[in-house]
Every structure is written in C-alpha cells, then in structure tokens.
Amino acid sequence: MKNTAFRITSLTLSLALAFGLSGCGGSSSSAASGSGAASSSASSQAAQESLDFSAGLDDNGRWEGITALDYVTLPENYAAYPLPAEVTQVDEEVIQSTLDTLPYNYATTEQITDRAVEDGDQVNIDYVGSIDGVEFEGGSTGGSGTTVTAGSSNYIDDFLTQIIGHTPGETFNVEVTFPDPYENNPDLAGKDAVFVTTINYIEETNVPELTDEFVAENLGDVYEGAQTVDDVRAAITEQTIRNQIINYFKSEDGFMAQCTFSEELPEAVVQYQSDLCVEYFRQAAASNGMDFASFISLYFDGITTEDELLDLQEDAILTGARQTLMLQAIAEAQDITISDEDVSSYMSEEMGVPDLTQYEATYGMPYLKNFVLNNKMLEFLADNAVRA
C-alpha cells in the first residue's frame, strides 16, 4: 500500500559510542586519493565479524604504548585558546526557530469524531482490500488502525483523497487501481481493487503557546531554572555557542588545523579507525535489514567491497586518528586520567545511561574510558577557551 524508499536509519547510542567523535560517513564525493594508508581487508573482515572495541587501549583508556605528544604538537596557548569571532556568533533566526519548535514537544493529541475529514487531516482508519471480491495478503489493517494524511499520495492512486468528506464512524468503499508495474507486489500490478474503509477518528494536535507561564511550568528543569521566554532564549543561545565551540575544537579545519601532526601516525591507531569505519557501516546495514555489500553499494553508488569503502573513507579515517591522538595529547599535557567513577558519572549524567553493564560488556571499560576522556578533553578546551 505505502510508497517506501531506501533510507539510512538513525543509529543508536551504542553506535554513537562505538564511532567516537569524528565518525565515518559522508558521500562518494569525499573519496580520498586511494593511497591505501587506511586499507587492510583481512583485518577489517575480522573487525566485521567480531570487533574488540577495547583492543589497543590500556586500562586508562589511552592508546597502549603510545605517547600522543610524540605525534602531536599542540599550540602553546591551547589551554586558553583564543577563539575566532565567528565561532561565538549565532544566527538569531536559528535561535528563534528553536524557540518556535519547543512547544511541539508538549503538544497533545485529541481524537475528533464530530466533523468530516478535511484535506491534510491526520486520520486513523481501518480497511480491508479485495480484488474481484477476494481479499488479498497485505491489503488489510487487521482492525489495528493506521494513521494517514488525508489527500496525500502516500497510498496508491487517490486512496487518501477519497476519504475526504467522510465522517468518523462511517464505512465506505474506496476504489483504486494498482500501478503497473507495482514493485511491492507484481501480482497486483494494474488490477482494480476495492477497500472497505472505516474512519475511526481524526487526530488534532494542540500545541501550547510559548509564554512566560508555560516556561515556568514546563522548562525550568530543562533550561537551568528558566522562568521566562527570555531566559530560555538566553539558555538556547549559550547552548548553541557552546556546541559551536566544541565543534570548532574537534574540526579538522578548526583547532586541529592549529596543531602539527607527524606525517606517519601510529599504525595501530589508523588501523583501529579503519576497523571502526567498517563496523559503522556493518551495523548501519543491519539496521536497514541489508547485507554489507548491498548497503554500501546503495549508499556510495556502486562500491561493494571493504577495500573500496576504506579507500573512499581514507580522509575521514585519518582525521579520526589525528583527533583521538590530539585529545590524548591534551590529557597527557594536563596529566588527566579517567577513573571508573568518572565513566559512571559521565555516562549517567551526560548520556542518560545509569547502568553500564551492557555497555561495558560490549565495549570494555578501556573503550568507555577513551570515549569519556575524549569528550572531557573537548570540554576542557571549551571551558578554557577565550571568547572573542
């Protein structure tokens, strides 16, 4: 019934943990030169089958046997780095847009049954489809109801236009013709069908107005004791600036460009980033119910092998290697280490994960410490940066 298209699903917290800060992704237009510095098919195949996320990390979450300061020269003023003016500037239209969308998080839905369906309404319906009087597989809601948009083209033919004007509680026939060809079920292609359809109710969404009273009642805990709309605006503005600062410090074109990296990076760190890249796309493929080769072929327009993927992602992999070494170098320079308690506190307060049992079993404590260390070092840089 519904028109569907391939899309990449949102990845969960576990993937956010697994692929760190710089990530692995992008489009085929980001292809690297193909020198192969990040490629190793045999090792990546092993990562796909069983990746040890804590491999190569010591008990402190640092790269085992590697002194990052041997590979990274930090700016002398890194601990009080003067930010470019544009990093702390905000787009007021973006801030206003964020404010405008806030009340939608507190919207309520009402079931309307005393008026006819209008174009654009969200409508809950049931239907049973048949061809020549015989019901066909997949042509019924089974009485469980489904919500559709009246007048939209999400269903075949003009199905959702025909429900306009009908009233909740009413049952009627919707007559349509399946397209030809019809990839979802070729046996139905070009055939006329009748759907006995019932309007259950119309869904109306009520969005509250963003007022000082609304803020005091709903947003004080979210925005540091905010009591007025102006308080929320100020908090969103500061959050936006903070995010821009963090992004600047982890950007290859930002703070990282002010660091000097050795031409030859530790092979173990580069290989690890390669393995993470393969794992990222392996899990993304699984999230979409696809095999690895088919997924990357669709995502990158034709590539099918790990070697091709790693050649394409070489720049991102090397950026990830430089980034993790840079953040460890800052930890070394500041003599900062991460304890088990630091991990528990950070994961609970910042990531909403009070119980580490599952994550420690999947990633190991060294990886979790590395994840927290990286984020703590970004926070250190942001906290101590000099704003223009």
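This is a predicted model: local features need pLDDT of at least 70, side-chain atom pairs count only at pLDDT 80 or more; totals for chains, interfaces and linings use all residues.
Helix α10 covers residues 340-351 and helix α12 covers residues 365-384. Two packed helices are described by the angle between their axes and the distance between the axes. Here the angle is about 65°, and the axes of α10 and α12 are 10 Å apart. Angles of 65 to 115 degrees count as roughly perpendicular, so α10 and α12 are roughly perpendicular to each other.

Which residues in α10 meet α12? They are Asp 340, Asp 342, Val 343, Tyr 346, Met 347 and Met 351. On the α12 side, the partners are Met 365, Leu 368, Lys 369, Phe 371, Val 372, Asn 375, Lys 376 and Glu 379. Sorted by class, this contact of α10 with α12 has eight nonpolar residues, five charged and one polar.

Now the other partner of α12. The axes of α5 and α12 come within 9 Å and cross at roughly 120°. This crossing is right-handed. From α5, the residues in contact are Arg 242, Ile 245, Ile 246 and Phe 249. They meet Leu 378, Glu 379, Leu 381, Ala 382 and Asp 383 in α12. The contact of α5 with α12 divides into six nonpolar and three charged residues, with no polar ones.

On to the largest pocket. Its volume is about 330 Å³. Helices α5, α10 and α12 each supply at least two residues of the lining. Which helix gives the most? That is α5, with five residues. By class, the lining has four nonpolar, four polar and three charged residues.

Several of these names have come up already.

Last, two details of the backbone. Most residues other than glycine have a negative phi, and most peptide bonds are trans. Asp 157 has a positive phi, near 50°, and is placed in the loop between β5 (146-149) and β6. Asp 180 and Pro 181 are joined by a cis peptide bond, with omega about 5°. Pro 181 lies in the loop between β6 (171-177) and β7 (192-206).

Definitions and conventions
Residues are numbered from 1 along each chain as its sequence is written. Side-chain values use heavy atoms; hydrogens and water are left out. Axes are lines fitted to C-alpha atoms, for helices over the stretch in contact, and angles run from 0 to 180 degrees between N-to-C directions. Helices (H or I, at least four residues) and strands (E, at least two) are DSSP runs, numbered from the N terminus. Angles under 35 degrees count as roughly parallel, over 145 as roughly antiparallel, 65 to 115 as roughly perpendicular and the rest as oblique. Contact means heavy atoms within 4.5 Å. Ala, Val, Leu, Ile, Met, Phe, Trp, Tyr, Cys and Pro count as nonpolar, Asp, Glu, Lys and Arg as charged, and the others, Gly among them, as polar. On a 1 Å grid over the protein atoms alone, a cavity is a set of points where a 1.4 Å probe fits but cannot get out, and a pocket is an open set with protein on both sides within 12 Å along at least five of seven lines; lining residues have an atom within 4 Å of a point. Grid points are joined across faces, edges and corners, and a volume is the space filled by probe spheres set on the points. A crossing is left-handed if the near helix is turned anticlockwise from the far one by less than a right angle, and right-handed if clockwise.
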